[in-house]
Amino acid sequence: MKPVVKKLLCWAVPVAALTIGVPLVQAAQQSEAQAAVQPPSVEKSVLPAEHGLTEAAEQYRLIYPSVSGVDGKTPRRDSAAVFIPRGPMPKGGWPVVVWAHGTVGVANDCAPSLNPRTVRDSQYLNTWLSLGFAIVAPDYAGLGSGGLHHYLNARAEAWSVLDGVRAALKNFPLRNQLVLVGQSQGAHAAFASAGWQPKYAPELNIRMTVLTGTPYFDSETTVAQLFGINDKATPQVGDPKIPYVFYIYLAAAESLPKLKPSTYFQPAALPILGEANKLCITPLTEKVMKEKLNAANSLKPGIQSLLEASTEAMHYPTLSIDSPVFIGIGGADINVPTVMQQRFAHAVRLAGTMVEVHEYPGLDHSGTVNPSLRDSVPFVLKHLK
């Protein structure tokens with residue numbers, strides 16, 4: 001099969017030039033006006049096979065212009081992977097699954113497009129490819145791109161995802177028929193994207209959203225709820241949620257450099273916190289579990305104030321979504337507590353969103369992903385008709 005896109009989209013960036021008889025200020029103003037209407041360049045490269053998917057006929061890494069959702073104004077260049085399925089292209093282009101990935105870390109080199117996909121994610125994404133969907137998989141701002149990734153910042157995730165979709169639609173034979181699909185942090189990013197789309201990217205046609213392991217933060221969220229601190233006894237084992245707290249702290253500390261980690265974390269946690277800005281989620285979690293870090297031996301009471309200060313950035317812009325939403329919940333999820341996901345599903349339904357909820361008894365955070373396909377695939381196909 002011939003590559004779908006042969007030509008890299010490049011745009012000339014005007015350079016201010018002096019013209020005889022044109023005042024310097026006027027020349028500068030003309031240059032700025034020209035720059036304002038010239039779209040920034042999109043870079044595309046072939047994705048290495050080891051970073052790809054077996055069901056993809058073609059696979060690329062895309063670097064595209066975006067805007068920081070952290071401050072709402074700073075231009076950025078973010079990255080994504082794009083996978084084209086096998087077989088003849090349907091009329092109008094390939095329908096698109098926009099894959100929002102789960103937690104990978106906050107360092108630049110943790111970006112999924114720079115690494116092999118996990119076995120779980122490969123199986124999941126290959127299923128969508130085999131069904132004839134192209135996949136656009138943004139990395140999020142700060143992953144594979146400049147700056148620290150602001151973990152669980154809803155606007156930053158959403159704007160980066162939506163700008164990635166815009167870039168992909170302009171550079172590949174894709175149909176503007178989008179299914180947002182996310183797991184864990186990616187469920188947070190996907191639902192935030194669905195909420196921001198009408199205002200930030202109204203030209204995008206989001207048909208539905210599919211979520212598993214969805215985090216939900218509101219004014220009633222407490223550290224005690226997240227970690228079960230009120231339980232009679234805290235088991236002397238590591239808690240896989242501790243890395244998430246480290247990442248939330250790092251985002252807060254970048255915005256407020258005067259924050260002191262000792263205000264929020266006990267001495268046992270500080271050495272590993274010091275590595276969290278460069279450790280991706282797997283090695284960081286391994287260290288946390290090896291050192292048996294949990295809420296009882298790692299967190300101080302002040303962590304509640306950090307959570308409260310960070311919650312605004314983690315809020316979804318709305319719970320009322322115009323298109324249908326699928327929510328899959330693992331009955332034995334520890335990473336994103338099952339109760340948190342149930343509260344989310346209830347709130348989304350209460351907001352008037354058309355929602356279909358499936359619970360999977362006995363399945364944990366990761367184990368829910370692929371089994372949920374037996375319900376989410378029919379959901380998607382039904383609503384695409």
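## Briefing on a predicted chain

Ser 184 counts as buried because its relative accessibility is 5%, where buried means under 20% relative accessible area, exposed means over 50%, and partly exposed covers what lies in between, with a 1.4 Å probe and protein chains only. The model described here is predicted, so local features need pLDDT of at least 70 and side-chain atom pairs count only at pLDDT 80 or more, while totals for chains, interfaces and linings use all residues. Residues are numbered from 1 along each chain as its sequence is written, and side-chain values use heavy atoms, with hydrogens and water left out.

**The chain as a whole**

- The secondary structure of the chain comes to 12 helices and 9 strands, taken as DSSP runs numbered from the N terminus (H or I and at least four residues for helices, E and at least two for strands).
- Of the 385 residues in the chain, 53% are buried.
- Among contacts between residues at least 6 apart in sequence, 79% join residues at least 24 apart, a contact being heavy atoms within 4.5 Å.

**Nonpolar cores**

- The largest nonpolar core holds 91 residues, of which Leu 174, Phe 246, Phe 265 and Leu 299 touch the most other members; such a core is a set of buried Ala, Val, Leu, Ile, Met, Phe, Trp, Tyr and Cys residues joined through side-chain atoms within 4.5 Å.
- Helix α6 (residues 242-255) gives the largest share of this core, 10 residues.
- A second, separate core has 26 residues, including Met 208, Tyr 360, Phe 379 and Leu 384.
- When residues up to four places away in sequence are not counted, the residues that Leu 174 touches include Ile 84, Trp 94, Val 136 and Leu 169.

**Helix α6**

- With 14 residues, α6 reaches 21 Å from its first C-alpha to its last, close to the 20 Å expected at 1.5 Å a residue, where the expected span is 1.5 Å times one less than the number of residues.
- This helix is mostly covered, since 12 of its 14 residues are buried, among them Ile 242, Phe 246, Leu 250 and Ala 253.
- The buried residues of α6 pack against α5 (223-227), α7 (270-273), α8 (281-290), α9 (295-298) and α10 (303-314).

**Pocket and cavity**

- The largest pocket contains about 680 Å³ of space; on a 1 Å grid over the protein atoms alone, a pocket is an open set of points with protein on both sides within 12 Å along at least five of seven lines, a cavity is a set of points where a 1.4 Å probe fits but cannot get out, and lining residues have an atom within 4 Å of a point.
- Grid points are joined across faces, edges and corners, and a volume is the space filled by probe spheres set on the points.
- The lining of the largest pocket has 26 residues, of which Thr 103, Thr 118, Arg 120, Ile 281 and Thr 282 lie nearest its centre.
- The elements that give two or more residues to this lining are α2 (119-130) and α8, and α8 gives the most, with 4 residues.
- The structure holds 1 cavity of 30 Å³ or more, and the largest cavity has a volume of about 260 Å³.
- Lining this cavity are 22 residues, of which Phe 217, Leu 226, Tyr 244, Val 245 and Ile 248 lie nearest the centre, and α5, α6 and α10 each supply at least two residues of the lining.

**Individual residues**

- Ser 184, in the loop between β6 (174-183) and α4 (185-200), has a phi near 60°, a positive value in a residue other than glycine.
- Lys 292, found in the loop between α8 and α9, likewise has a positive phi, near 55°, and counts as partly exposed at 46% relative accessibility.
- Most residues other than glycine have a negative phi.
- His 188, found in helix α4, is buried with a relative accessible area of 0%.
- His 188 and Met 314 are 126 residues apart in sequence and 8.6 Å apart in space, C-alpha to C-alpha, and Met 314 is one of the residues that His 188 touches.
- Asp 239 lies in the loop between α5 and α6 and is buried, with a relative accessible area of 12%.
- Beyond residues up to four places away in sequence, Asp 239 touches Phe 227, Val 288, Met 289, Leu 293 and Asn 294.
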